[in-house]
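Let's take a walk through this structure together. Have the sequence and the 3D view open side by side, and follow along as we go.

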Amino acid sequence: RKPLTLPRLRAMAAAGEKLVMLTCYDATFARVLDAAGVDLLLVGDSLGNVLQGRETTLPVTLDEMAYHTRCVATARTSAFLIADMPFGSYHDSLEQGIASAVALMRAGAQMVKVEGGAWVVPLVRALVERGIPVCGHLGLTPQSVHALGGWRVQGRDEDGAARLRADALALAEAGVAMIVIELVPTALSRQLAADVPVPLIGIGAGPDTAGQVLVLHDLLGLNPHPARFVRDFMADAAAAGGGIAEAVRRYGQAVRDGSFPDPEVHGY
Ligand code: KIV
Ligand code: NA
């Protein structure tokens with residue numbers, strides 16, 4: 001497989017080819033996921049949950065994100081590498097946000113992801129001007145979990161839906177390359193996908209987005225309390241005599257053929 005580039009990813013989305021994203025935190029999984037055809041590897045700050053055993057992503061530091069980004073970057077060959085800007089690494093000032101993004105890009109990221117709407121627009125502009133591709137993240141933004149009052153579906157009422165839409169349009173206007181939307185009703189996500197001029201990558205957002213993302217450990221059936229939107233692809237693979245690589249391959253296939261997520265089973 002040729003290395004995926006931003007223009008190639010844009011072309012795929014424009015052609016209606018689903019973008020397959022998974023979180024990844026180390027070199028071994030980077031090799032396996034890349035070989036299994038995953039398009040986008042996300043060094044998510046969910047590593048605070050799945051690697052560090054924390055309740056939230058808030059304690060994750062920039063140094064930790066850079067470390068895991070370096071680990072993944074050494075092993076990826078084709079997949080495009082995105083790294084999360086962790087809580088507190090872009091909250092002080094534009095200067096701080098730029099320096100944090102630079103650290104992750106130096107660690108091997110090809111794009112950085114920031115959570116939030118209007119308030120991150122100046123940072124998105126500054127990064128894009130400096131040649132740093134940016135992914136947005138709207139809906140349930142885990143770094144704001146305490147303000148949101150828990151892991152709740154976002155955009156359920158009219159106000160919330162309007163705010164989400166305004167934020168998504170503002171991020172697109174500011175130049176984000178894509179936007180992750182997490183835990184929003186399928187109908188709203190479908191509307192956003194139609195109205196927002198950049199690819200949306202859904203998680204708990206129904207099947208109508210340009211792409212899908214899951215936390216690797218959830219897909220592998222390692223989460224004892226998985227959210228409704230998770231499917232255990234490891235169980236499917238194991239039933240067919242396959243292993244981890246087969247589970248990942250099945251996830252990619254299910255995203256591409258539209259059978260995952262099933263709005264009846266995994267949607268809101
Ligand atoms: O950190 C993470 O894993 C994420 C994805 C769930 C989108 O941000
Ligand atoms: Na994240």
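**A walk around the barrel**

In strand E2, Leu42 is the bridge partner of Thr23. Keep in mind as you look that this is a predicted model. That bridge belongs to the parallel pairing of E1 and E2, which extends over three bridges. On the E8 side, strand E1 (residues 19-23) pairs with strand E8 (residues 211-214), again in the parallel sense, over four bridges. Here Met21 has Val213 of E8 as its bridge partner.

Now for the whole sheet. Eight strands form a closed barrel in the order E1-E2-E3-E4-E5-E6-E7-E8, with parallel pairing. On average, neighbouring strands of this sheet are turned by 25° against each other, direction ignored.

Next, find ligand 1. Which residues are around it? They are Thr23, Leu42, Gly44, Asp45, Ser46, Asp84, Val180, Glu182, Ile203, Val213 and Val215. By class, the shell around ligand 1 is made up of five nonpolar, three polar and three charged residues.

Let's move to helix H6 (residues 121-129), whose buried residues are Leu123, Val124 and Leu127. Those residues cover an arc of only 100° around the axis, so they sit on the same side of H6. The general rule behind this is that an α-helix has 3.6 residues a turn, so residues three or four places apart point the same way. What do the buried residues of H6 pack against? Their partners are helix H5 (94-106), strand E4 (111-113), strand E5 (134-139) and helix H8 (158-174). After H6 comes Gly131, with a positive phi near 80°.

Why does Leu123 count as buried? There are 24 other C-beta atoms within 10 Å, and the cut-off for buried is 20 or more. Leaving aside residues up to four places away in sequence, Leu123 touches Tyr90, Leu94, Gly97 and Val114. The C-alpha atoms of Leu123 and Glu95 are separated by 8.8 Å, although these residues are 28 apart along the chain.

Finally, two backbone details. Most residues other than glycine have a negative phi, and most peptide bonds are trans. Leu183, in the loop between E6 and helix H9 (186-195), has a positive phi near 55°. Leu183 also counts as buried because it has 23 C-beta neighbours inside 10 Å. For the peptide bond, look at Phe260 and Pro261, which are joined in the cis form with omega about 0°. You will find Pro261 in the loop between helix H12 (244-256) and helix H13 (263-266).

Technical notes:
Residues numbered from 1 in each chain as written. Chains lettered and ligands numbered in written order. Predicted model: local features only at pLDDT ≥ 70, side-chain atom pairs only at ≥ 80, totals over all residues. Buried ≥ 20, exposed ≤ 12 C-beta atoms within 10 Å, placed from the backbone. Helix = DSSP H or I, 4+ residues; strand = E, 2+ residues; numbered from the N terminus. Arc of directions from axis to C-beta. Contact = placed C-beta atoms within 7 Å. Near = placed C-beta within 6 Å. Nonpolar A, V, L, I, M, F, W, Y, C, P; charged D, E, K, R; others polar. Pairing = 2+ DSSP bridges. Axes fitted to C-alpha atoms, helices over the stretch in contact; angles between N-to-C directions.
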